[in-house]
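Hi,

Here is the structure I promised to send over. Have a look at it first, and then read on for what turned up.

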Amino acid sequence: MNLNIVQANLNIKAEARHVLFLTNTYALDKMGGGKPLSSYVQEHLIDGLKAAPNSLIYIAYIDNNPVGIATCFIGYSTFYAKNLINIHDLSVIPKARGMGVGKALIKTVIEKAKELNCCKITLEVLENNPARNLYEREGFEYGEQKFLFMTKLVVDEG
């Protein structure tokens with residue numbers, strides 16, 4: 001098995017297609033909502049990511065086949081007065097799970113956070129997501145107080 005992690009260049013058509021494929025595969029998974037990306041999202045996602053100057057996307061390949069993605073955004077911590085990286089999506093296609101792909105993606109994000117002198121890496125995870133075990137093994141903690149992530153949809157997705 002030849003595992004390779006690359007920072008996506010969305011101007012390379014193949015890599016943009018891989019980002020769309022992997023994001024849609026994640027959306028189809030029960031942890032991603034269990035339904036495909038809407039046609040609007042499929043049409044606009046790559047241009048939206050290109051326009052977001054704080055996006056940071058890694059694609060995992062096994063033998064040149066896309067098998068995992070970490071879509072991250074660089075943010076800012078007011079409590080530390082430093083940048084942070086938020087892992088917005090981390091997903092591995094079902095046939096590649098248990099092969100170290102998720103761990104390799106997390107390690108890559110950690111290295112980038114160190115390179116950028118970030119204060120921390122954040123992520124959100126569903127309570128019933130088995131990936132929580134991976135995140136805990138890689139040092140992610142819940143903190144002294146349990147954080148709840150809330151959301152309010154203000155725009156129809158298309």
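Before the sheet, a word on terms: two strands count as paired if DSSP finds at least two bridges between them. Helices (H or I, at least four residues) and strands (E, at least two) are DSSP runs, numbered from the N terminus. Keep in mind that this is a predicted model, where local features need pLDDT of at least 70, side-chain atom pairs count only at pLDDT 80 or more, and totals for chains, interfaces and linings use all residues. Residues are numbered from 1 along each chain as its sequence is written, and side-chain values use heavy atoms, with hydrogens and water left out.

**The sheet**

With that in place, you can find leucine 3 opposite isoleucine 62 in β2. Strand β1 and strand β2 (residues 55-62) run antiparallel to each other, paired over 5 bridges. They belong to an open sheet of 5 strands, ordered β1-β2-β3-β4-β5, with mixed pairing. The edges are taken by β1 (3-7) and β5 (120-123); each has a single partner strand, so one side of each has no neighbour in the sheet. On average, neighbouring strands of this sheet are turned by 25° against each other, direction ignored. The axes behind that angle are lines fitted to C-alpha atoms, for helices over the stretch in contact, and angles run from 0 to 180 degrees between N-to-C directions.

**Salt bridges**

I searched the whole structure for these and got 5, counting a side-chain nitrogen of Lys or Arg within 4 Å of a carboxyl oxygen of Asp or Glu. For burial, I use under 20% relative accessible area for buried, over 50% for exposed, and partly exposed in between (1.4 Å probe, protein chains only).

Arginine 97 sits in the loop between β4 (82-92) and α3 (101-115), while aspartate 29 sits in the loop between α1 (13-28) and α2 (39-51), so the pair ties together parts 68 residues apart in sequence. Arginine 97 is partly exposed at 41% relative accessibility, whereas aspartate 29 is buried at 17%.

Helix α3 has pairs of its own. Lysine 114 and glutamate 111 meet through their side chains at 3.9 Å, N to O; both are in α3, 3 residues apart, or about one turn of the helix. Lysine 114 is exposed at 57% and glutamate 111 is partly exposed at 48%.

Then there is the salt bridge between lysine 112 and glutamate 115, at 3.2 Å from N to O. These two are also 3 residues apart in helix α3, about one helical turn. Is lysine 112 buried or exposed? Lysine 112 is buried, with a relative accessible area of 15%, while glutamate 115 is exposed at 59%. Leaving aside residues up to four places away in sequence, lysine 112 touches Gln7, Leu56, Tyr58 and Ile85, where contact means heavy atoms within 4.5 Å.

**Aromatics and cysteines**

The structure has 1 aromatic pair. The ring centres of tyrosine 135 and phenylalanine 140 are 6.1 Å apart and the planes are at 65°, so this pair is edge-to-face. The rule there: rings of Phe, Tyr and Trp (its six-membered ring) pair if their centres lie within 6.5 Å, and planes under 30 degrees apart count as stacked, over 60 as edge-to-face and the rest as tilted. Tyrosine 135 and phenylalanine 140 are both buried.

How many disulfides does a search of the whole structure find? The search finds 0, taking a disulfide as a pair of cysteine sulfur atoms within 2.5 Å. For cysteine 72, the nearest cysteine sulfur belongs to cysteine 118 and is 10 Å away; cysteine 72 is buried, with a relative accessible area of 0%. For cysteine 119, the nearest cysteine sulfur is again that of cysteine 118, at 6.9 Å, and cysteine 119 is partly exposed at 26%.

**One more spot**

Take a look at asparagine 128, in the loop between β5 and α4 (131-137). Asparagine 128 is exposed, with a relative accessible area of 55%. The C-alpha atoms of asparagine 128 and methionine 31 are 8.5 Å apart, although 97 residues separate the two along the chain.

Cheers
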